[in-house]
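Hi there,

Here is the structure I promised to pass on.

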Amino acid sequence: SHSMLNHARCILLATMPSFSIAPEEATVAALIAAYGKANIPQESVKLFRLMPDLGIARTALSYNAVLKAILCRGREAMARRSYNAMIADAVTPDLSTYNTLIWGFGLCKKMEAALRVFGDMKDHGVTPDVTTYNTLLNAWVRAGDLESARKVFDEMPGAGFAQNSVSYNVMIKGYVEAGKGEEAVGLISDMGEKGLRLSEETFAA
């Protein structure tokens, strides 16, 4: 509840310092994330901005937490500013940073921004993983562009990532929702050949 979160913040900002106990970044990041899950991103941002005053260095851990909190509410412009500030502060983005941004921009159907972030990964020496590809795949499906989604799906093996059950679930769901039953059945057949089990999510599609 909001009152429990505010109580936790009070302990963090008032009680701990009064005992000369400096809060750890992980503790603050957890509270930032909790405010995000409670749909109060403004409190996440306030906490994040207070960290330097508390003597807590901000790393990718807290940046990732505030980015997710912001993007949960669809505030992609604010997320872009936070990401730019991260780079300006010489904080190195990690894999989670990029996966979070691609997920959030996909949630907002801002595919140009999602693709830009996907490209930025290579520039910063971060290698995508299967979650990155599945997140981008899901973003295209959410945007209703099944052709681009299928392109990502088909490119995965060449990038070194075999499509897993999540990849198939997302693609099948997209086809079913678009009324493309033949394509969906083809992928279900492929799953069987690869020994991948159909999940409840696939059947629910």
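From the N terminus on, the elements run α-α-α-α-α-α-α-α-α-α-α-α. That is 12 helices and zero strands, where helices (H or I, at least four residues) and strands (E, at least two) are DSSP runs numbered from the N terminus.

Two notes on how to read the values. This is a predicted model, in which local features need pLDDT of at least 70 and side-chain atom pairs count only at pLDDT 80 or more, while totals for chains, interfaces and linings use all residues. Residues are numbered from 1 along each chain as its sequence is written, and side-chain values use heavy atoms, with hydrogens and water left out.

Of the 205 residues in the protein, 41% are buried (under 20% relative accessible area, with exposed over 50% and partly exposed in between; 1.4 Å probe, protein chains only). Among contacts (heavy atoms within 4.5 Å) with a separation of 6 or more, 58% join residues 24 or more positions apart.

Now to helix H4, residues 60-72. Its 13 residues reach 18 Å from first C-alpha to last, close to the 18 Å expected at 1.5 Å a residue (1.5 Å times one less than the number of residues). Because 10 of the 13 residues are buried, H4 is largely enclosed by the rest of the structure. Tyr63, Asn64 and Leu67 are among those buried residues, and the buried set packs against helices H2 (25-37), H3 (41-50), H5 (76-88) and H6 (95-107). Just after H4, Gly74 has a positive phi of about 75°.

Setting aside neighbours within four places in sequence, Leu101 contacts Leu67, Leu71, Tyr83 and Val117.

How do H2 and H3 sit together? Their axes (lines fitted to C-alpha atoms over the stretch in contact, with angles from 0 to 180 degrees between N-to-C directions) come within 7 Å and cross at roughly 160°. That makes H2 roughly antiparallel to H3 (over 145 degrees; under 35 is roughly parallel, 65 to 115 roughly perpendicular and the rest oblique). Val28, Leu31, Ile32, Tyr35 and Gly36 of H2 meet Pro41, Glu43, Ser44, Leu47 and Phe48 of H3 in this contact.

Best wishes
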